[in-house]
Amino acid sequence: QFQLVESGGGLVQPGGSLRLACAASGFTLDNYYIGWFRQAPGKEREGVSYISRAGNIYYAETVKGRFTISRDSAKNLVYLQMNSLKPEDTAVYYCAATNADNTYSGAWYIPSRYNYWGQGTQVTVSS
């Protein structure tokens, strides 16, 4: 059974850092295109970052320069390192996987392009 599980969320002060992890069971993440999304209360789910099977990476403009996506193939994990966090980064963060290549279509940030989703992890940035 394919399953994604996010971890690493929590409460952090503005300017702080968190590292989220996306773990998979039932499949190998290296064989999939992975997106990180977030959803704040009352807002639509938005794409945060993307990593292709070949290592192509995209970031939303709102997180560029602060967030870093990476793979750990040995552990079958995908990370989202989040630095210089701001209150507006507060949201539930989800990882998602797809076997469709959206690298050059400009559609990596569209939630419907992904087949598998985790349950989400809460990130709260507040003093």
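Which residues form one aromatic cluster? Phe2, Phe27, Tyr32 and Tyr116 do. This is a predicted model, where local features need pLDDT of at least 70, side-chain atom pairs count only at pLDDT 80 or more, and totals for chains, interfaces and linings use all residues. Residues are numbered from 1 along each chain as its sequence is written, and side-chain values use heavy atoms, with hydrogens and water left out.

**Aromatic pairs**

- The structure holds 14 aromatic pairs. Rings of Phe, Tyr and Trp (its six-membered ring) pair if their centres lie within 6.5 Å; planes under 30 degrees apart count as stacked, over 60 as edge-to-face and the rest as tilted.
- Phe2 and Tyr116 have ring centres 4.9 Å apart and planes at 55 degrees, so this pair is tilted.
- Phe2 lies in the segment before β1 (3-7) and Tyr116 in strand β10 (residues 116-117), so the pair ties together parts 114 residues apart in sequence. Strands (E, at least two residues) are DSSP runs, numbered from the N terminus.
- Phe2 is partly exposed at 36% relative accessibility, and Tyr116 is partly exposed at 26%. Buried means under 20% relative accessible area, exposed over 50%, and partly exposed in between (1.4 Å probe, protein chains only).
- Tyr116 also pairs with Tyr32: the centres are 6.1 Å apart and the planes at 75 degrees, so the pair is edge-to-face.
- Tyr32 lies in the loop between β3 (18-25) and β4, and Tyr116 in strand β10, so this pair ties together parts 84 residues apart in sequence.
- Tyr32 is buried, with a relative accessible area of 11%.

**Arg38**

- Arg38 is found in strand β4 (residues 33-39). Arg38 is buried, at 6% relative accessible area.
- The Arg38 side chain makes a polar contact with the side chain of Glu46 at 2.6 Å. Another polar contact, of 2.9 Å, joins the side chains of Arg38 and Asp89.
- A polar contact is a pair of N or O atoms within 3.5 Å; within protein, one must be able to donate a hydrogen and the other to accept it, and residues adjacent in sequence count only if both atoms are side-chain atoms.
- Leaving aside neighbours within four places in sequence, Arg38 is in contact with residues including Arg45, Val48, Phe67 and Tyr93. Contact means heavy atoms within 4.5 Å.

**Charges over rings**

- The charged end of Arg19 sits over the ring of Tyr79, 4.0 Å from its centre.
- Arg45 lies over the face of Trp117, 4.8 Å from the ring centre.
- A charge sits over a ring if NZ of Lys or CZ of Arg is within 6 Å of the ring centre and within 35 degrees of the ring normal.

Conventions: Helix = DSSP H or I, 4+ residues; strand = E, 2+ residues; numbered from the N terminus.
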